[in-house]
Every structure is written in C-alpha cells, then in structure tokens.
Amino acid sequence: VALNVDGVLLSNGPGDPADNPEVVVEVGRWLERKMPTLGICLGHQLMALSQGIKTEKLKYGHRGANQPVRELPTGKVFITSQNHGYAVSTKELPPYISPLFENVNDGTCEGLTYQGYPAFSVQFHPEAAGGPLDTTFLFDRFIAMMGGNSDAAKK
C-alpha cells in the first residue's frame, strides 16, 4: 500500500508487543523505505521487534509521572511519565541501533536511535500532558526528520 505521508508515529498501547506480529512486519517495511518514524512506548517496542531485538516482561513495570530517564549522548536526566510492563532488551542490538535513553532507576532501555534511518523511539510518554513535559522536544526532532520547520529543532 502506498502511503502519501511525511512520517509515521507509532503510538503507545497496552499489552505484550510480541502479540502483534503483522504490525511488526509492517513497521520493518516502513523502516526499510526510510520512512521518518517515531515510536512511543508500544511503538518503541514494535520498532525494536521489527529489527530482531527482543522484548522482556518487567517484574513490576514502570508506572507513574515521575520516572527519571537519562539521555545517553548528553547525560541529561529528564522526568517522564510511564505506564508499561515490557522493556526492550539491549543485550543483542544490531550495529546500526544504539540506546538513546536509559531508565535511571533500573538501567532498562528507554529509547533507541537507528543510524542510517530517519527513526528513533522512546519507551516513555513525551505526549503526556497530564505529566512532565520535559521531553516534548522529541516531537520537534521528529518534525525536523520529516523536513518540517520547527524552531525548537534548530536549537
């Protein structure tokens, strides 16, 4: 199916990401076509699965509006809103995928970047208006990936 879109935002959702094999295949196709893609929560997990990365069930999950994550390239810590019971495993990442964020409390993966692809993903919720807004700049990054003219993306 031909899409006439500037990018794909894979949003959050409930459940085990491995229960969506058809979606995982389609996400892999978007990435192969170099479609600008941002994955959030379940979307982050589906993107990882599409590249052969495993997910794992967390013992307790991450819940609440006060979850600290560290952006690995800068070392900055952001307070995020989270509600998930699965995490992406970083034990066996392909060489073109790197961790972008990690959970400060338990070290689990909170984001990935895909070198050579206009794509990245985060486990937390940058859209959570009911929670912290520390990471809304990620939407500016996504807009810039799609060729948009975001003032914040220029910073």
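**Exercise 1. Which residues form one aromatic cluster? Trace how the pairs inside the structure are arranged.**

Step 1. Phe78, Phe101, Phe124 and Phe137 make up one aromatic cluster. The model is a predicted one, and it holds four aromatic pairs.

Step 2. Take phenylalanine 101 with phenylalanine 124. This aromatic pair is also edge-to-face, with 5.1 Å from centre to centre and 85° between the planes. Phenylalanine 101 is in strand E5, while phenylalanine 124 is in the loop between strand E7 (119-122) and helix H3 (137-145), so the pair ties together parts that are 23 residues apart in sequence.

Step 3. Phenylalanine 78 has a relative accessible area of 11% and is buried. Phenylalanine 101 is buried at 0%, and phenylalanine 124 is buried at 0%.

**Exercise 2. Which residues have the most contacts inside the largest nonpolar core, and which elements give two or more residues to this core?**

Step 1. The largest nonpolar core consists of 15 residues, and Met47, Leu112 and Tyr114 have the most contacts inside it.

Step 2. Two or more residues of this core come from each of strand E1 (8-10), helix H1 (21-32), helix H2 (42-50) and strand E6 (109-114).

Step 3. Apart from this core lies another, of twelve residues, including Ile40, Val69, Phe78 and Val122. Phe78 is also a member of the aromatic cluster of Exercise 1.

Step 4. Look at the surroundings of leucine 112. Leaving out residues up to four places away in sequence, leucine 112 touches His44, Ala48, Ile53, Val88, Leu93, Ile97, Ser98, Pro99, Leu100, Phe120 and Ser121.

Step 5. As background, nonpolar side chains tend to be buried together in soluble globular proteins.

**Exercise 3. How many of the nine residues of H2 are buried?**

Step 1. The buried residues in H2 are Leu42, Gly43, His44, Gln45, Leu46, Met47, Ala48, Leu49 and Ser50.

Step 2. That is nine of the nine, so H2 is largely enclosed by the rest of the structure.

Step 3. Glycine 52 follows H2 and has a positive phi, near 85°.

**Exercise 4. Is leucine 93 buried or partly exposed? Describe where it lies and what it touches.**

Step 1. Leucine 93 lies in the loop between E4 and E5.

Step 2. Its relative accessibility is 23%. Buried means under 20% and exposed means over 50%, with partly exposed in between, so leucine 93 counts as partly exposed.

Step 3. Leucine 93 touches Ile53, Pro99 and Leu112, not counting residues up to four places away in sequence.

Step 4. Leucine 93 and valine 122 are 29 residues apart in sequence, and their C-alpha atoms are 16 Å apart in space.

**Exercise 5. How many salt bridges does the structure hold? Work through three of them and state how accessible each partner is.**

Step 1. There are four salt bridges in the structure. In general, side chains of opposite charge can pair when their charged atoms come close.

Step 2. Arginine 33 pairs with glutamate 26, and their closest N and O atoms are 3.6 Å apart. Arginine 33 is partly exposed at 42%, and glutamate 26 is partly exposed at 25%.

Step 3. Glutamate 102 and arginine 70 meet in a salt bridge of 2.7 Å, N to O. Glutamate 102 is in strand E5 and arginine 70 in strand E3 (residues 55-71), so the pair ties together parts that are 32 residues apart in sequence. Glutamate 102 is partly exposed, at 24%; arginine 70 is partly exposed, at 28%.

Step 4. Arginine 141 and glutamate 71 meet in a salt bridge of 2.8 Å, N to O. Arginine 141 is in helix H3 and glutamate 71 in strand E3, so this pair ties together parts that are 70 residues apart in sequence. Arginine 141 counts as partly exposed at 33%, whereas glutamate 71 is buried at 4%.

**Exercise 6. Over which ring does the charged end of lysine 34 sit?**

Step 1. The charged end of lysine 34 sits over the ring of tyrosine 117, at 4.7 Å from the ring centre.

Conventions
Residues numbered from 1 in each chain as written. Predicted model: local features only at pLDDT ≥ 70, side-chain atom pairs only at ≥ 80, totals over all residues. Heavy atoms only, no water. Core = buried A, V, L, I, M, F, W, Y, C linked by side-chain atoms within 4.5 Å. Buried < 20%, exposed > 50% of the residue type's maximum accessible area, 1.4 Å probe, protein only. Helix = DSSP H or I, 4+ residues; strand = E, 2+ residues; numbered from the N terminus. Contact = heavy atoms within 4.5 Å. Phe/Tyr/Trp six-rings, centres within 6.5 Å; stacked < 30°, edge-to-face > 60°. Lys NZ or Arg CZ within 6 Å of the ring centre and 35° of its normal. Salt bridge = Lys/Arg side-chain N within 4 Å of Asp/Glu carboxyl O.
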